[in-house]
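Okay, thanks everyone for coming. I'll walk through one chain today, starting with the overall picture and then going into two spots.

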Amino acid sequence: MQLQKYLTVFNLGIQNTFVYRWNYLLRAIFGIIPLVGTVFLWRAIFHESGGGLRGYDYGSMIYYYLLTILVSNLVTPAEDEWQIAADIREGQINSFLTKPVNYLGYRFSIFLSGRLVYTAVTILPIAVIFFYFRRFIILPNDPLTWLAASAALLMSGFIQFFLTYALSMMAFWILEISTIVFIVYSFEYFLGGQMFPLDIMPPAIQAVMKWLPFYYELFCPIAIFQGRLRGPEMWGALAIQLGWLLAMWAAANLMWKRGLGHYQAVGG
């Protein structure tokens, strides 16, 4: 019965999210523009350097950015923080306090449905991009690499969701969370691997980054899939990623409990 409730929420989430399918499609199409700029940028960099960059050549660098587009579509929350903050700010959270529904489970069901619809709508333009750059795509031959990359991808989604949820709980204390969200997401963009592959940084900086959660939100599953993390280094990364998943889950629950202690209901 518990599972049935969240399956119902998941189905409702699909129906509600599908209303915005054209918005998602346009976002995906216009998301190609930064990729075009990235292609020209790295082409110029590799042309000037006349060689590779810490194990990357032009083809593998373009492949990396193709994977960032795919992984972002699969695991990155969209609008979840604003919806949760609105529930708290407008008093909609009240209905969940009087019903046998776990709000974290409810929001996670919405997150899954949103990712499913977003991926389904944007998969065609992404497939076109991959087809165009197909000469740069090299798929792993080792089944273990596929398995490890899939596990890292799954944990990446969990980490991003729990982090988003915990940030949204700040709405219990402050009315406008956009500044906090912007600051954290700026760190995510820079330290998560969206701007550039993290393993082109100096080893000392990489050593610090590997202990931050942002490293495991995007870069880790891509690096495993590309074979840049393997053997003991790969297993160590997966272990740290699992640790951050559990830490983010604990933080999400703690913020919810602390937030309820400060909550003043607004509206009905």
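**A walk through the chain**

So, from the N terminus on, the elements run α-α-α-α-α-α-α-α-α-α-α-α. That's twelve helices and zero strands. Keep in mind that this is a predicted model.

A few totals before the details. The chain has 268 residues, and 46% of them are buried. If you take the contacts with a separation of 6 or more, 80% are between residues 24 or more positions apart. The accessible surface comes to about 14,200 Å², and carbon and sulfur atoms hold 70% of that.

You'll find Glu81 in helix 5, residues 80–89. Glu81 is buried, yet it has no salt bridge. So where is the nearest side chain of opposite charge? That's Arg107, and Arg107 is 8.4 Å away, whereas a salt bridge needs the nitrogen and the carboxyl oxygen within 4 Å.

What does the side chain of Glu81 make a polar contact with? The side chain of Trp82, at 3.0 Å. And if you leave aside the neighbours within four places in sequence, Glu81 is in contact with Thr164, Ser168, Ile177, Val181 and Tyr185.

Ile123 sits in helix 7, which covers residues 103–132. With a relative accessible area of 39%, Ile123 counts as partly exposed.

That's my tour; happy to go back to either spot.

Note on methods:
Residues are numbered from 1 along each chain as its sequence is written. Side-chain values use heavy atoms; hydrogens and water are left out. Helices (H or I, at least four residues) and strands (E, at least two) are DSSP runs, numbered from the N terminus. Buried means under 20% relative accessible area, exposed over 50%, partly exposed in between (1.4 Å probe, protein chains only). Lys and Arg count as positive and Asp and Glu as negative; His and the chain ends are not counted. A polar contact is a pair of N or O atoms within 3.5 Å; within protein, one must be able to donate a hydrogen and the other to accept it, and residues adjacent in sequence count only if both atoms are side-chain atoms. Contact means heavy atoms within 4.5 Å. Accessible areas come from the Shrake-Rupley method with a 1.4 Å probe; for residues, only the protein chains shown count as cover.
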